[in-house]
Amino acid sequence: MGTLNPNAYLVSNLYAKDIKKVKTRDGYGKGLVKAGEKNKNVVVLCADLSESTRSEWFQKKFPDRFVEIGVAEQNMASLASGMSAAGKIAFISSYAVFSPGRNNEQIRTTISYNSWGSKPGKEINVKIAGAHAGISVGPDGATHQALEDVGLMRLQPGMTVIVPCDDNECEKATVAAAETPGPFYLRFGRADYPSITTEKTPFKVGRIEEFRSGKDCTIIANGPLVYEALTAAKKLEKEIDCQVLNCHTVKPLDGATLLKAVQKTGCVVTAEEHQWQGGLAGAVAEFLGENYPVPIKRVGVKDRFGESGTPDELFKVFGLTSDDIVKAVRAAVKMKKK
Amino acid sequence: MVEIKPIKKVTDIKKLKLLANQIRQDLIEALVSAGSGHTAGPLGMADVFTALYFNVAKHNPKYPFWEERDRVVLSNGHICPVIYSTMANVGYFPRKELKTLRHFGTRLQGHPHRSSLPGLETTSGPLGSGLSQASGMAYAFRMDNKKNRVFCLMSDGEQEAGQTWEAALFAGKNKLRNLTAFIDRNNIQIDGHTEDIMPLEPLADKYRSFNWHVIEIDANNIKAVIDACNEAATIYEKPTLIIAHNIPGKGVSFMENDHEWHGKPPTAEQAKVALAELRVWRENIMKNRD
């Protein structure tokens, strides 16, 4: 029977009702300050959303290195590219629907392609933070619920795409983004999510972490769905032995770890707060289809726009809860037996 | 550590005119070899590029990554034949490489790609993002109390793009005195004349109202270009816009002022005629009769 990985150092009250819930973006705010303390070339740009993206935490500490752009995400992306070309490491903060949504072409031309093929040290170091992504932005409605952003960013050569599972991981990802050359996309939602990792939980850009071992089915998740996946694994404990992988880095995908996992379990469920095509599901299905075809079931938003509601309501309506993962696991295992 | 020095400025106007003439001839040959690309814009802006690379900008082609260099940001990437031809003539790469323009494996991509060619400061083509990038550079240099100047070259057509004005607002707000932008004001774009497609006038007033210092010049007059850049350096409180009025296709009679030449290259036959005209012009410069 599989168990939680002791080397993942998850919180001890993982399955308790009183597990602490924290905004993932708080990790972004803390990470920015940490990155700013480590390197004086770190600057933060924001498009009129400094409080809600937590860029404000950096602004308070380093007012001279904070740049207010106003409601102009296209300008923000290219401006950051220019600042990077002049030696800065530029974080750009907004909501994911605006950045990388509205400014997608600017990111493509002036950040990703501009960096592509650069000599070491000459990369374009722009780190895009897409806040309020997914449906957990809730009452704001579908215009503000970015569900395609991971797909957009994953299609740009040279872009590293990270979807942290909680605030602690977001902080680590932010610091790592500052320290790793080239363009990055960091993506996080708005709501309070269970804070499941700790300071000691390992994090490395581009590496899948096994949070729970299991032999019957691999659940690979990112963002808040990692917690849902762990909960699903617990619910299925006596029925199906589930492995849970935290795939925070969607690109570059850690194919080696994924391959090793499915060679053992023989089926996969992907889980993410994103359209069920193009994001994590797309990355996993493409990789396994080519290298080791196994049954795959996808938990995600099924090719539709969102709507207003509380995050909990919407997670249920759109099929993103642990119960939905349970159903998907059963279906995947059934397919395997055929 | 080698002490890097900028290249010596060419101050003799006759010499600069001859250089601009050579740059025009070379870009015609490059376009013929390419078989596609833009002709009128590069010919019209050859004098501005000559002034920038041979007189105004602080740079050294031997050290394209020199930290103290001024930055020339080409926003309207489609006129890249002129930046390539100028860079070759000032020594960034051999002139014979110009004939690889747009061919497979070339460093001279159809629209400029920064990492392909040392000395290119940015990647461009999709219009409207160069002023943002230049503003970002200027802002970063000022944060660090660095003296680098940033020159941004834009087309007039790309003034139709909203992002240009986002950047204009930012540069005006932040009084980016180290930023000098040019608008290649040749009044043509692919579908016709700018004032028919989407009127831009009063263009100077628009920028002035965004808190820019604006200078209007005859940009086919090299001395006027140099003077305007020198004036821009004296303006302390504002970024400067130089509206570079020029004749598209300048130097080749059948291309001048014809928007049909915006987006196509000459055939080999047409190039022969064009080069002959440019050589006559050269002779006239030599005899001080241009």
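Predicted model: local features only at pLDDT ≥ 70, side-chain atom pairs only at ≥ 80, totals over all residues.
Figure 1. Chain B holds nine helices and seven strands. Its radius of gyration is 18 Å, close to the 19 Å that the globule rule gives for 290 residues, so chain B is as compact as a globular protein of that length. Along the principal axes, the C-alpha trace of chain B spans about 55 × 50 × 40 Å. Of the 290 residues in chain B, 53% are buried. Take the contacts in chain B between residues at least 6 apart in sequence: 78% of them join residues at least 24 apart.

**Figure 2. Chain A overall.** Chain A contains 13 helices and 14 strands. A compact globule with 338 residues would have a radius of gyration near 20 Å, and the 19 Å of chain A agrees with that. The C-alpha atoms of chain A fill a box of roughly 60 × 40 × 40 Å along the principal axes. Buried residues account for 61% of the 338 residues in chain A. Among contacts in chain A with a separation of 6 or more, 80% come from residues 24 or more positions apart.

**Figure 3. The two domains of chain A and their contact.** Domain 1 of chain A is made of two segments, 6–19 and 198–337, and domain 2 covers 21–194. Their C-alpha centres lie 24 Å apart. Domain 1 of chain A brings 35 residues to the contact, and domain 2 of chain A brings 31 residues. On the domain 1 side, the elements that give two or more residues are helix 9 (225–235), strand 12 (249–251), strand 13 (268–275), helix 11 (280–291) and helix 12 (311–317) of chain A. This domain 1 side divides into 15 nonpolar, 16 polar and four charged residues.

**Figure 4. Where chain B meets chain A.** In this contact, 24 residues of chain B touch 25 residues of chain A. On the chain B side, helix 4 (130–143) and helix 5 (162–173) are the elements that give two or more residues. Helix 4 of chain B gives the most, with 10 residues. The chain B side splits into nine nonpolar, 12 polar and three charged residues.

**Figure 5. Helix 6 of chain A, an enclosed helix.** Helix 6 of chain A runs over residues 104–115. Its end C-alpha atoms are 15 Å apart, which agrees with the 16 Å that its 12 residues should span at 1.5 Å a residue. Helix 6 is largely enclosed by the rest of the structure, because 10 of its 12 residues are buried. The buried residues include Arg108(A), Tyr113(A) and Asn114(A). Ile107(A) and Ile111(A) are also among them. The partners come from both chains: helix 4 (73–85), helix 5 (97–102) and strand 5 (126–131) of chain A, together with helix 4 of chain B. After the helix comes Gly117(A), with a positive phi near 80 degrees.

**Figure 6. Helix 5 of chain B and its packing.** Helix 5 of chain B has 12 residues. From first C-alpha to last, helix 5 reaches 17 Å, close to the 16 Å expected at 1.5 Å a residue. Its buried residues are Gln163(B), Thr164(B), Glu166(B), Ala167(B), Ala168(B), Phe170(B) and Ala171(B). These residues pack against helix 4 of chain A. Within chain B, they pack against helix 4, strand 2 (150–155), strand 3 (179–185) and helix 7 (203–209). Just after helix 5, Lys175(B) takes a positive phi of about 50 degrees.

**Figure 7. The largest nonpolar core.** In soluble globular proteins, nonpolar side chains tend to be buried together. The largest nonpolar core here has 193 residues. Leu45(A), Ile219(A), Ala229(A), Val329(A) and Cys152(B) have the most contacts inside this core. Helix 2 (residues 40–56) of chain B supplies the largest share, 11 residues. Domain 1 and domain 2 of chain A each give at least three residues to this core.

**Figure 8. Close-up of Cys152(B).** Leaving aside residues up to four places away in sequence, Cys152(B) touches Val73(B), Ser75(B), Gly130(B), Leu131(B), Ala134(B), Leu179(B), Ala181(B) and Phe182(B). Cys152(B) is one of the residues with the most contacts inside the largest nonpolar core.

Figure 9. Helix 9 of chain B covers residues 268–286, 19 residues in total. From first C-alpha to last, helix 9 reaches 27 Å, close to the 27 Å expected at 1.5 Å a residue. Just after helix 9, Asn288(B) takes a positive phi of about 55 degrees.

Conventions:
Residues numbered from 1 in each chain as written. Chains lettered and ligands numbered in written order. Helix = DSSP H or I, 4+ residues; strand = E, 2+ residues; numbered from the N terminus. Expected span 1.5 Å × (residues − 1). Contact = placed C-beta atoms within 7 Å. Nonpolar A, V, L, I, M, F, W, Y, C, P; charged D, E, K, R; others polar. Buried ≥ 20, exposed ≤ 12 C-beta atoms within 10 Å, placed from the backbone. Rg over C-alpha atoms; globule rule 2.2 N^0.38 Å. Domains from an automatic or database assignment. Core = buried A, V, L, I, M, F, W, Y, C linked by C-beta atoms within 7 Å.
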